[in-house]
Amino acid sequence: MPTTRNTGSELFDRLAIRPVINACGIYTDLGGSRLSPDVWAAAEAFNGQFVRMTELLDKTGARIAALLGVEAARVTPGAAAAIFLGTAACLAGTDGEKSQQLPDTTGMKSDVLIQAGHRYKYDRQVGMTGAKLVEIGSGNGTRADQLEAAIGNNTAAILHPAHLDGKPGTLALEEVVKIAKARGIPVIVDAAYLNYPTSIMGDFMRRGADLVCISAKYFGGPNAGGFVLGRKALIDAVSNVHFTRYESGKYLKLGRPLKMDRQTVIAVLVALEEWLSLDHTQRFVQYERQVGLLKEKLNGLKGLKLAPKCFTMDERFIDEPVNCLLVTFDKSVAKSASEISQMLEAENPSILAIQEGDKIGFVMDVLEDDEVSHIGERLRALLSTI
Ligand SMILES: *Cc1c(COP(=O)(O)O)cnc(C)c1O
């Protein structure tokens, strides 16, 4: 049976689960990223040592803020947690009683506005704090006067998903910030995967956001890691709703279930440091080389069209920068792309890739060379037996 570098075969056997060769890219449901040896070593070092979690969160936050050139930051268990904690921070501020009272928002501003065209999966985190998500405008668009008119005494924040910024009909971040600033309403930006070029993370603050939510899964950090950047007062408010000092402090804070391991907190910081110092040109050169490696393994197979492509974070195939091999199966192949994809999935290790219509995209983002070779060999073997 073929093996890969990371199979813990006795564990997989004992649990009767199959390891996955992940040619899909970075997905929470597939475990996020692969931690680099240095990030793993940092987590291991902290495993051997205890620490005051309050101090670790304060100091890693300060370090992240300095690295990204912003006022303040705090590590969270992911971007979804950052949206949740950021929203709660806008409701409770630094008031411990209010943190304890949530999700009952009596006596607090509790409406969080979102443009109708910006509704997306992660806006669900807002409601979990007790806040009410209020849609402004319609699916056709939102005008500035509609947003202005919607802001009232009960408005706590505006949520702005950065990956939808500039969507036709919606107000751009700059326009939202201008309206919000005039009324003293904080703008929470979900920039979960907007981490490259690396300056983009801090730029959301410089463009006027008050809180910016980033996921560590997208920069080689832990699946349950991320951070929120923000103005100092709001990051203090995030601390007020986060998990520490639940037992030792005066208040039973809302964010207690979102607790973190010290190993995870340090891994988020070290992964970010690595990401900032990484030669990203070289990163794309590596993807392209791996695409070449897979292409080479498949060369000469009948009925296949092989096209180097870019599989984007919002799950589209475009031309550049190359990180993926898109294989199109024509009618002369005895099985469809969907059937071939299912056969790859059924293997052990299970090979998962992005199948759409008559195509399968093999994404290199988290693949090792030996896994790329394995995919090529298995695909060749399957196609020669059908
Ligand atoms: C993955 C993702 C999140 C959630 O991030 P986690 O770190 O997994 O909590 C939020 N928003 C967007 C756009 C994402 O892609």
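A term before the residues: buried means under 20% relative accessible area, exposed means over 50%, and partly exposed is in between, with a 1.4 Å probe and protein chains only. The model is a predicted one, so local features need pLDDT of at least 70 and side-chain atom pairs count only at pLDDT 80 or more, while totals for chains, interfaces and linings use all residues. Residues are numbered from 1 along each chain as its sequence is written, and side-chain values use heavy atoms, with hydrogens and water left out.

Salt bridges, then. By that I mean a side-chain nitrogen of Lys or Arg within 4 Å of a carboxyl oxygen of Asp or Glu. There are 20 of them in the structure. One joins the side chains of Glu368 and Arg34, at 3.3 Å from N to O. Glu368 sits in the loop between strand E13 (359-363) and helix H14 (369-385), and Arg34 in the loop between strand E1 (20-23) and helix H2 (37-47), so this pair ties together parts that are 334 residues apart in sequence. The element names are DSSP runs numbered from the N terminus: helices are H or I with at least four residues, strands are E with at least two. Glu368 is partly exposed, at 24% relative accessibility, and so is Arg34, at 29%.

Another salt bridge links Asp123 and Arg119, at 2.6 Å from N to O. Is Asp123 buried or exposed? Asp123 counts as buried, at 5% relative accessibility, whereas Arg119 is partly exposed at 39%. Asp145 and Arg143 also form a salt bridge, at 2.9 Å from N to O. Here Asp145 is partly exposed at 41%, and Arg143 is partly exposed at 49%. There is also a network: salt bridges with shared partners join Arg34, Glu368 and Glu371.

Next, the sheet. Six strands form an open sheet with mixed pairing, in the order E1-E12-E13-E11-E9-E10. Strands count as paired if DSSP finds at least two bridges between them. E1 and strand E10 (317-318) are at the edges with a single partner strand each, so one side of each has no neighbour in the sheet.

Strand E9 (residues 304-311) runs antiparallel to strand E11 (residues 324-329), and six bridges join them. Lys305 is opposite Thr328 in E11, and Lys309 is opposite Cys324 in E11. E9 also pairs with E10, antiparallel, over two bridges, with Phe311 opposite Phe317 in E10. The hairpin of E9 and E10 has five residues between the strands, and in it Glu315 takes a positive phi near 65°.

Last, the helices. Axes are lines fitted to C-alpha atoms, for helices over the stretch in contact (heavy atoms within 4.5 Å), and angles run from 0 to 180 degrees between N-to-C directions. Helix H12 (residues 280-298) lies across E9, E11 and E13, at about 30° to E11. Helix H13 (residues 337-345) lies across E11, strand E12 (350-356) and E13, at about 160° to E12.

How do H13 and H14 cross, and at roughly what angle? Their axes come within 11 Å and cross at roughly 125°. That makes H13 oblique to H14; angles under 35 degrees count as roughly parallel, over 145 as roughly antiparallel, 65 to 115 as roughly perpendicular, and the rest as oblique. Ile340, Met343 and Leu344 in H13 meet Leu379, Leu382 and Leu383 in H14.
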